[in-house]
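Open the model in your viewer and keep the sequence panel beside it. The stops below say what to select next and what is there.

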Amino acid sequence: TTQHNTTKHNPTMASIKRDDNKQKWEETEFPLVCETCLGDNPYVRMTKENHGKKCKICDTPFTVFAWQAGTKGRLKKVEICKTCAQAKNVCQ
């Protein structure tokens, strides 16, 4: 019987971590938004997509969040990265 090695080295993942450009990409767990943007519902269902868009200000890929603002609100999603939102003191 022949045993196969299931833990192969993945050269693609190693090259991604070494890429200086990709180290600047943002990954966050929660967006920077105010209570008004979140809406009146205390239970917000939010979707998350890592590196889903480029920031409209600095062109850095960032984590995109989308949610429905309130019980009858429209679908909202973040448009800029967390770094730009903190620098300009605005919601994402």
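Select N89, an exposed residue with a relative accessible area of 71%. Here buried means under 20% relative accessible area, exposed over 50%, and partly exposed in between, with a 1.4 Å probe and protein chains only. N89 lies in the segment after α4 (82–88). Its phi is positive, about 55°, although N89 is not a glycine. Most residues other than glycine have a negative phi.

A note on what is on screen: this is a predicted model, in which local features need pLDDT of at least 70 and side-chain atom pairs count only at pLDDT 80 or more, while totals for chains, interfaces and linings use all residues. Residues are numbered from 1 along each chain as its sequence is written, and side-chain values use heavy atoms, with hydrogens and water left out.

Next, go to H51, where phi is again positive, near 55°, in a residue other than glycine. H51 sits in strand β1 (residues 46–54). H51 counts as partly exposed, at 29% relative accessibility.

Now colour by secondary structure. The protein has 4 helices and 3 strands, and from the N terminus on the elements run α-α-α-β-β-β-α. Helices (H or I, at least four residues) and strands (E, at least two) are DSSP runs, numbered from the N terminus.

Stay with the strands. They form an open sheet of 3 strands in the order β1-β2-β3, with antiparallel pairing. Its edge strands are β1 and β3 (75–77), each of which pairs on one side only. Neighbouring strands of this sheet are turned by 25° against each other on average, direction ignored; axes are lines fitted to C-alpha atoms, for helices over the stretch in contact, and angles run from 0 to 180 degrees between N-to-C directions.

Show β1 together with β2 (residues 61–68): 6 bridges join these two antiparallel strands. Two strands pair if DSSP finds at least two bridges between them.

F65 leads on to the next selection. Which residues make up the largest nonpolar core? Select C37, C55, F62, V64, F65, W67, A69, V78, I80, C81, C84 and A85, 12 residues in all. A nonpolar core is a set of buried Ala, Val, Leu, Ile, Met, Phe, Trp, Tyr and Cys residues joined through side-chain atoms within 4.5 Å. The elements that give two or more residues to this core are β2 and α4. β2 gives the most, with 4 residues.

Then show the cysteine side chains. How many disulfides does the structure hold? The count is 0, where a disulfide is a pair of cysteine sulfur atoms within 2.5 Å. Select C58 and C81: the sulfur of C58 has its closest cysteine sulfur in C81, 3.7 Å away, which is too far for a bond. C58 is partly exposed, at 36% relative accessibility. Then select C91 and C34: the closest cysteine sulfur to that of C91 is in C34, at 3.5 Å, also too far for a bond. C91 has a relative accessible area of 29% and is partly exposed.

Finally, zoom out and show the surface. The accessible surface of the protein comes to about 7,400 Å², of which 49% belongs to carbon and sulfur atoms; such areas come from the Shrake-Rupley method with a 1.4 Å probe, and for residues only the protein chains shown count as cover. Of the 92 residues of the protein, 25% count as buried.
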